[in-house]
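Here is a set of questions and answers on helix packing and selected residues. Take a look at the model, then work through them.

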Amino acid sequence: MKKTLVVFAHPYLEHSNSNVELINFYVRHQHYTLRDLYEEYPDFHIAAFRERKRLKNYDRFIFQFPIIWFGMPPLLRLWIDEVFDRNWLNDGEQNPLEGKEVYIVVTTGGKERSFSKEGTYQYTIDELISGLIVSLKVFKANIKDIIIVYEANKLSKKEIILHKQKFIQLLNQ
């Protein structure tokens, strides 16, 4: 199994059954390391050097977060700003993201049709998280999939489990 780092950021986790279900899966399996940024950095002071060092130890990455005010949670944005290092692009520097598999898991309370050019918000989820997508591409990460769970706050326990099972199948391919 691929050693996987889950970079998780949810400022209101106590209100998110959908995210909790996946977190429970990660913590029960030894090849997943869950990093809850809001738990680890409540003061928003990120240990960027330590984080960069850790990235080198993983074969695959999962970025999991909710859409907060039409973008990534602020702590995840800060983590990316401070941890991703432009020096990784220089010759002779190790780029810990290059060629590594990345999955992005996004939850939102909104309806799928709302996140379209014709919808209420007139932007897609991919557009709203484009900063992360572009950053990963610049560092030559292999974005395997972007999983979006719409109306996450309205899903039944059974629907949440079905989403989780589909995602686990995707990871095991």
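**Helix packing and selected residues**

Q: At what angle do the axes of helix 1 and helix 7 cross?
A: This is a predicted model, in which local features need pLDDT of at least 70, side-chain atom pairs count only at pLDDT 80 or more, and totals for chains, interfaces and linings use all residues. Residues are numbered from 1 along each chain as its sequence is written, and side-chain values use heavy atoms, with hydrogens and water left out. Helices (H or I, at least four residues) and strands (E, at least two) are DSSP runs numbered from the N terminus, and axes are lines fitted to C-alpha atoms, for helices over the stretch in contact, with angles from 0 to 180 degrees between N-to-C directions. The axes of helix 1 (residues 17-27) and helix 7 (residues 157-171) come within 10 Å, and the crossing angle is roughly 45°.

Q: Which term describes helix 1 relative to helix 7?
A: Angles under 35 degrees count as roughly parallel, over 145 as roughly antiparallel, 65 to 115 as roughly perpendicular and the rest as oblique. The crossing angle here is roughly 45°. Helix 1 is therefore oblique to helix 7.

Q: Which residues of helix 7 make the contact with helix 1?
A: Contact means heavy atoms within 4.5 Å. Helix 1 contributes N17, S18, E21, L22, F25 and Y26. From helix 7 come K157, I160, I161, K164, F167 and I168.

Q: Is K164 buried or exposed?
A: K164 lies in helix 7 and touches E21, L22, F25 and R28, not counting residues up to four places away in sequence. Buried means under 20% relative accessible area, exposed over 50%, partly exposed in between (1.4 Å probe, protein chains only). K164 has 12% relative accessibility, so K164 counts as buried.

Q: Which residues of helix 3 are exposed on the face turned away from its buried side?
A: In helix 3 (residues 48-55), the buried residues are A48, E51 and L55. They cover an arc of only 60° around the axis, so they sit on the same side of helix 3. That arc is taken from the directions from the helix axis to the C-beta atoms. The face turned away carries F49 and K53.

Q: Which residues of helix 4 meet helix 3?
A: The axes of helix 3 and helix 4 come within 9 Å and cross at roughly 80°. That makes helix 3 roughly perpendicular to helix 4. On the helix 3 side are A48, E51, R52 and L55. On the helix 4 side are W79, E82 and V83.

Q: How far apart in space are K3 and E112, C-alpha to C-alpha?
A: K3 lies in the segment before strand 1. K3 is partly exposed, because its relative accessibility is 38%. K3 and E112 are 109 residues apart in sequence, and their C-alpha to C-alpha distance in space is 32 Å.

Q: What is the phi of W69?
A: Most residues other than glycine have a negative phi. W69 is in the loop between strand 3 and helix 4 and is exposed, with a relative accessible area of 76%. Although W69 is not a glycine, its phi is positive, at about 45°.

Q: What is the relative accessible area of F70?
A: F70 is found in the loop between strand 3 and helix 4. F70 is not a glycine, yet has a positive phi of about 65°. F70 is partly exposed, with a relative accessible area of 36%.
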